[in-house]
Amino acid sequence: MNSQITSKYLVDILNGDAVLFLGAGASTLAKNSLGESLPLGSQLSALICEDMGEGSEYDRPLDKVSSYYSKIKGESTLVALLKKHLDVVSIDDALTTIAKQEWLRIWTTNYDNSIELAHEKAGKMYSSCSRLTFNSNDKSQNQIIHINGKLSGATLNLPKDLVLTTRDYATKVFNESPLSRLFSSDLNLAKTFVFVGYSLADLDVLRYISSIERLKNKVVFIDREDIDPINASDLEDYGQVNAIGIANFSKLLEKKAHGWRKPQKVEAYRNFERVILKESASANSSNLDDFLNLLLLGDVNDQYLGRKAEDGKYTIKRDIEDKCASLIGSGGNTILIHGEFGTGKSVVARRIAIQAAFSGIDTFWRIGFRENAKDEIVKLCNRTTPFVLFIDTYQKDKELILAFYEHAHPECTLVLTERTDTFQVTSDFIYETGDKWGAISEFSVDRLSNDELNQLIELYNKRSIWKKRASQESYQKLKYLREECNSRFSSILLDTLKSPFIKEKLDKITEVFTKSDFYKDVFVIICVFTCVKNNSQMKFERNNYIGEGDSKDYALNEMAINENLLELCFGVDNSDYQRLVRDKSVKNIIDFESNEIKFRSPIVAKFILNNKSSASEVTEVISEVIFNLQEMIQHDSDIMWLCEGLVNFGNIEKLLPRAGRSEALTNFYEQVSTIDYFAEHPLFWLQSAIARRSIGESEKAMYFLETALSYGESYYKKKGQTRKWNPFQIKTTYANHLLSDAIILDSASDALAHVIEAFDLIKDQCIGNTHHRHPYTKTSHIVDVVSVHCNKWDDRQKSIVLSRVKFMKRQTETLSENIRKHHYIQNTVKKYLKAIELLE
C-alpha cells in the first residue's frame, strides 16, 4: 500500500491515456438536496426501510427492499424517494478536477449524476449512457457509462436497466452485455486504469484483471487514507493501492498539470497497418524481375500498384475496383471479394486499398495474429473519423468482424477477401451479422471480363509472356483466353507458368530441392500442404456435425508447417531443418516467418506438383507421411485433421499430374486402407469411392459407397458411444452418382430405379434443413436424366419422378433466405423447373 501515487500514472492521465472507474466511494464527493452525502448501498436500503416504517437496523438486500417498497407504495413513489437521496445538487472541487482530465472513457457503477455535473462545472462536453442506451456508434469524447443504470431523467418508472440488486447479479448482467467486451478492450488498451472509490462490494470487474499479470501493472486504486488494511490487501492482488484520499489525488493532478505539455499522439496499431502511399513521379518503373517476383513469389510492391502508369505493366485494373471505390466513398458497406486461389484477389484488394488511401479515406489493412487484436479493433472503431478496414482471408478473423459490426461508425466500410470454396460455406455468418449493420456487396474475381482480358493481353505483350502465341493477333489471343482458359484467372496463370523463360526461372529457383532425397520429399510435402491449406474443402464429418462449414473444418489452415511437423513426417533431425532454413535459394520461394514454412504462392506450388513426371511421385510421399503419423492419429487432433485432409480426394486430385494418375490413386487408397484409423472409417471409404469414380471405375465406386454406409451404421457403437452416425455426405454423393449413371443407362426402367433410389436416399436431409445446399445441387442433373428417358417412360413412371422433383423444388423454399438466393440454388431451381416442364 502506497501513500503517494506513482508519477507514471499521473503522466498517463494528463496525456489522455487512462481510463477512470468511479466506484461507490466517489459518491462522498457529492451532496443531495438535503445537504447530505449520497448514501451507499446499505445506507440506501436502510433509508427505504425507514420510509416504510420498517426497522432500519437490519442489513436487508437492496433489491428485496426496493421491490417490496414498490409493491407497497408504488414504483413512482420509489423513484421519488431515490431521486430525493441520489439527485446531486453540489459537488466537491476535487471531482471537478478529476472530470477536467481527458480520460479515454469513464465507467461508473453509481446511479447518480455527480460526474456529469462535474463535467458541466468544468465546462466540458460529454455523452452519458447506461447499458440499454449505449450506442457503439457514439464516438464522442468524454463518454460516461453507467454500468448499473442511471437515475437522472426517471419520473414515474425506474429505468429498465437500473440494477438495484446484489453484487453477483449486477456482475452477471454486466458480463452478458456488449459493455463487458468494451470494458475488457479499455482495460487492455489504456496505459493506466484508475479506480476511484472502488469497493469490494462494487461490481466485480476485477475478474478481468486477476488472470493477466501485465494488467495489474497498469491498475491503480485511489482510496481513503484510513482504508481497512485487510481490504487494501485484497485490492493489492489486482493493482497498486494508494491510500491518499480523493482530495489529495486531485491536488496531485493539479500540481502535475501545472506547466504540463501534452505530447502529440501518433496513431499506432500492432494488428492493423495504415495504408499510406505517396505517388512519386520520379519512381522507377517496374521491370521484368518485379513482375516475376509478383507472379512466382507473391511479392507485392505497393509503389507499382499505386501508380496508374504501371497499370498494364505490373498488374491490370479489375472492373470491380471503381465499384468498390464508390461503395467505400459512400460508407456503411461490407464488401466481399472472393475467388479461387491464384486469382489475385489479395492484389485486387490491395489496389482498392491504395486507391482509397489516395482519395483521402483513412485506410487500414489487417496484419499479424496478435492476442490483443480484438481490443485493437475496438480502439480502431473508436476513432472519430470514418475509415475502411481490409481483412484478407477473413475466415480466421470472425471475432474481429463481429467486433467491427458492434463498434464501427455507420460511415465506415469493411472489405473482406476469401477463397470461393471457403466463402461459400462461411458467407452466412457475414450476411447474418453484416445485414444488421449495413449494406453487403459481393464480387467474384475468378473470371476476367473482355476489357480485363485485353489489358492482360497487353501486359503479356510487354513482358513477352506469350510463348508460341507471341505472333498471334490480339483477337486470337482473346479467343484463346476466353475459350481454352474459360476466362478464369487461375487457369491463365497456370498456363503462364508454362512460358519457357518463366519455367526456366522457376526451375532455377527450385533446383536447390534436388540436392537430396530429404530435400525432394520436403519439397513435395510443402507443396501439398500449401495447396491443401488453400483448398479448404469439406473435411471429414465427425462429432455428429452435419453442417457445410465451420471453423474446425479449416483446422489445416491453423496448423503450422514447421520443424516439429517435418520431424514427425520424415523423422529428420534439427540440423537438416536448419540447413534448409539457411539455404538462401530456398528462402526465395518458401516463407520461414514465425517458424512456419510454406510456399508464398499456392498457384506455383500447384503448378510444380501438376508437372511432376508421374502422379506416384506425389502420392507416395503423401502415403509415407500418413504412415509415419499413424501412431499419433488417435491421440492428436491436429495430426488427425492433417491425415484426414491428406486422404480427402477433393484436396489431392487437383495436385496430381495426369501421367499415371489412375494407378497412383488406386495404390494410394489401397495402402492407406490398411491403417487402423482409416480401415473402418466411413468417410475414408467415401473418398475412395469418389477417387474410383474419377478414374471411370463406377461399379467399384458404388461398392465403396455401400461399404461406407455399412461402416457408418456401426462406427460409433464400436467406439462405445451411443450416438448415431449421420451419413449426410455419403448419401448425397451416392445420390449424385446414381443420377449420373442413370443418364447413360440404356434401360429407361433401370434409370427410373436409379432416380427413385437417389431421391429416397436424400429425402430426410431435405426435411427441416434450412442451411444445406448439397442435397439440391448434387441432384440438379435430374433434368439430364429426364431429358434422356422422359419419352420412354409411361405416365405412371413420369408421375413417380415428377412427385419427387416437385418435392425437392418445394423444399428449396424452406431454405434460409441467404442460401435460397445463392446462385447455386437459383440454378438448381431452374433445372428442377425444366425437369417438371418436360415431365408434365
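Okay, let's start with a charge on a ring: Arg773 lies over the face of Tyr824, 4.9 Å from the ring centre. For "over", the cut-offs are NZ of Lys or CZ of Arg within 6 Å of the ring centre and within 35 degrees of the ring normal.

Quick caveats. This is a predicted model, where local features need pLDDT of at least 70, side-chain atom pairs count only at pLDDT 80 or more, and totals for chains, interfaces and linings use all residues. Numbering runs from 1 along each chain as its sequence is written, and side-chain values use heavy atoms, with hydrogens and water left out.

Now, ring on ring. How many aromatic pairs does a search of the whole structure find? It turns up 27. Rings of Phe, Tyr and Trp (its six-membered ring) pair if their centres lie within 6.5 Å; planes under 30 degrees apart are stacked, over 60 edge-to-face, and the rest tilted.

Take Tyr269 and Phe272: centres 6.3 Å apart, planes at 85°, so that's edge-to-face. Tyr269 is buried at 14% relative accessible area, and Phe272 is buried at 2%. Buried is under 20%, exposed over 50%, partly exposed in between, using a 1.4 Å probe and protein chains only.

Phe364 is buried at 1%, Phe387 at 2%.

Last one: ring pairs link a cluster whose members include Phe668, Trp685 and Tyr711.
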